[in-house]
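Hi,

Here is the structure I said I would pass on to you.

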Amino acid sequence: MDPPWWDELGSIEAPLLACAGARDAKFAALAERLAAGSAGPAQVVLLDGCGHAAHLQDPAALAAEVRTFVTALPADHPATSQRICADSAARSRGAQPVADDQ
């Protein structure tokens, strides 16, 4: 990561979900560092049995964590829209998201 980006982390107030593989000590520690430096609400999820490529090793578990995180956001948060949740669910099943005109 670019060092200047770290300097900006404390000004980002958006909710943060930092995911990493539980068997990847470097990125698990990085996830903790991201959460600790965030100005907004932050959550760390370490995916059991996964290493560096957690998104490839267990995409369903990652998708479930993202879905849980997004659905727990306050109802007025932009990321809680039905569309985002529906698109996430479609992708986790290997389907394409719904087009805007449908």
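Below is what I found, going from the whole chain down to single residues.

One thing to keep in mind throughout: this is a predicted model. The protein chain has 102 residues, and 27% of them count as buried. You will find 5 helices and 2 strands in the chain. Starting at the N terminus, the order of the elements is α-β-α-β-α-α-α. If you take the contacts between residues at least 6 apart in sequence, 60% of them join residues at least 24 apart.

Now for the strands. β1 covers residues 16-21 and β2 covers residues 42-47; the two run parallel, with 6 bridges joining them.

α2 is 13 residues long and spans 18 Å from its first C-alpha to its last, close to the 18 Å expected at 1.5 Å a residue. Which residues of α2 are buried? They are Ala 28, Leu 30, Ala 31, Leu 34 and Ala 35. These residues sit on the same side of α2, because the arc they cover around the axis is only 160°.

Ala 22 sits in the loop between β1 and α2. With 36% relative accessibility, Ala 22 is partly exposed. Leaving out residues up to four places away in sequence, Ala 22 touches Leu 46, Leu 47, Asp 48 and Cys 50. The C-alpha atoms of Ala 22 and Leu 47 are 5.2 Å apart, while the two residues are 25 apart along the chain.

Then there is Ser 38, in the loop between α2 and β2. Is Ser 38 buried or exposed? Its relative accessible area is 14%, and the cut-off for buried is under 20%, so Ser 38 is buried. Apart from neighbours within four places in sequence, the contacts of Ser 38 are Leu 9, Ile 12, Ala 14 and Leu 16.

On to the nonpolar cores. The largest one has 8 residues, namely Leu 17, Val 45, Leu 47, Cys 50, Ala 54, Phe 69, Val 70 and Leu 73. Two elements give two or more residues to this core: β2 and α4, the latter spanning 59-71.

Finally, have a look at Ala 61, which is also part of helix α4. Ala 61 has a relative accessible area of 23%, so it is partly exposed. Its C-alpha atom is separated by 9.2 Å from that of Asp 48, a residue 13 places away along the chain.

Happy browsing, and write back with any questions.

Notes. Residues are numbered from 1 along each chain as its sequence is written. This is a predicted model: local features need pLDDT of at least 70, side-chain atom pairs count only at pLDDT 80 or more; totals for chains, interfaces and linings use all residues. Side-chain values use heavy atoms; hydrogens and water are left out. Helices (H or I, at least four residues) and strands (E, at least two) are DSSP runs, numbered from the N terminus. The expected span of a helix is 1.5 Å times one less than its number of residues. Buried means under 20% relative accessible area, exposed over 50%, partly exposed in between (1.4 Å probe, protein chains only). The arc is that of the directions from the helix axis to the C-beta atoms. Two strands pair if DSSP finds at least two bridges between them. A nonpolar core is a set of buried Ala, Val, Leu, Ile, Met, Phe, Trp, Tyr and Cys residues joined through side-chain atoms within 4.5 Å. Contact means heavy atoms within 4.5 Å.
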